[in-house]
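Hi,

Here is the structure I promised to pass on. Have a look at it first, and my notes follow below.

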Amino acid sequence: MEVALREVRDADLRVFFAQMNEPEGVRMAAFTAEDPSDSADFHARWTRIRQNPEVVVRTVTDGRGEIVGHASVFGPPEEREVTYWIGRQYWGRGVASAALRELLRLAPERPVFARAAADNLGSIRVLEKCGFVVSGHDRGFANARGEEVDEVLFTLRR
Ligand SMILES: CC(C)(COP(=O)(O)OP(=O)(O)OC[C@H]1O[C@@H](n2cnc3c(N)ncnc32)[C@H](O)[C@@H]1OP(=O)(O)O)[C@@H](O)C(=O)NCCC(=O)NCCS
């Protein structure tokens, strides 16, 4: 599927909110907001994200301009990290891989890091397809699971 990245618009947030409340995605991502359905918290967080000069955040669209998700790079220069979220109905069509590839072109600094719940096989595959390699393991409390889960840490060196 063809994808494009563009600047985030106010009207996109409604779609991101719905996507980030899809139960299957929330469970998969694991490390989510404490209560993804808290709209005030969501909007406060997105206001901070969009105002933060250290964040490169883009809306991911399909070839016709439909919003399919978002992708971002955040964090201080020595700890740049990527994250992404694609709406359930678009999964399995290469969207996340294409979006991350494009994002990495927009944000060329290296190394860049990523982390995924150890059982988030989709996200792990996306990272590997984009050249990230496993650089460590961690364990942390995952709001969406209500317990600690294993995490895999990734690094993209070039
Ligand atoms: C993880 C996620 C981004 C994958 O998005 P996607 O657009 O479906 O990914 P792609 O289509 O680019 O898939 C890339 C690869 O992962 C594989 N894959 C995708 N979902 C998978 C799954 N649930 N289990 C195993 N493999 C999976 C695909 O088969 C593909 O591999 P291939 O090219 O070798 O066939 C998407 O499911 C999502 O947004 N989930 C919720 C949020 C989240 O987990 N974000 C990441 C937080 S670390």
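This is a predicted model: local features need pLDDT of at least 70, side-chain atom pairs count only at pLDDT 80 or more; totals for chains, interfaces and linings use all residues.

**What I found**

β3 and β4 make a hairpin with six residues between them, and Gly-75 in the turn has a positive phi of about 100°. Strands here are DSSP E runs of at least two residues, helices are H or I runs of at least four, and both are numbered from the N terminus.

Residues are numbered from 1 along each chain as its sequence is written.

On the overall fold, the chain has five helices and seven strands, in the order β-α-α-α-β-β-β-α-β-α-β-β. Its radius of gyration is 15 Å, which agrees with the value near 15 Å for a compact globule of 158 residues (taken over C-alpha atoms; the rule is 2.2 Å times the number of residues to the power 0.38). Of the 158 residues, 25% count as buried, meaning 20 or more other C-beta atoms within 10 Å of their own, with C-beta atoms placed from the backbone.

Now the inside. The largest nonpolar core has 29 residues, and Tyr-84, Val-95, Ala-99 and Leu-100 have the most contacts inside it. (A core is a set of buried Ala, Val, Leu, Ile, Met, Phe, Trp, Tyr and Cys residues joined through C-beta atoms within 7 Å.) α4 gives the most to this core, with six residues. Leaving out residues up to four places away in sequence, Val-95 touches Met-1, Val-3, Val-60, Val-68, Gly-69, Ile-86 and Tyr-90; contact means C-beta atoms, placed from the backbone, within 7 Å.

And what sits around the ligand? There are 22 residues, the closest being Trp-91, Ala-96, Ser-97, Gly-122 and Arg-125; the cut-off is a C-beta atom, placed from the backbone, within 6 Å of the molecule. α2 (23–29), β4 (81–86), α4 (95–106) and α5 (121–129) each give two or more residues to this shell, and the largest share, six residues, comes from α5.

Cheers

Technical notes
A residue is buried if 20 or more other C-beta atoms lie within 10 Å of its own, exposed if 12 or fewer, and partly exposed in between; C-beta atoms are placed from the backbone. Two residues are in contact if their C-beta atoms, placed from the backbone, lie within 7 Å. Two strands pair if DSSP finds at least two bridges between them.
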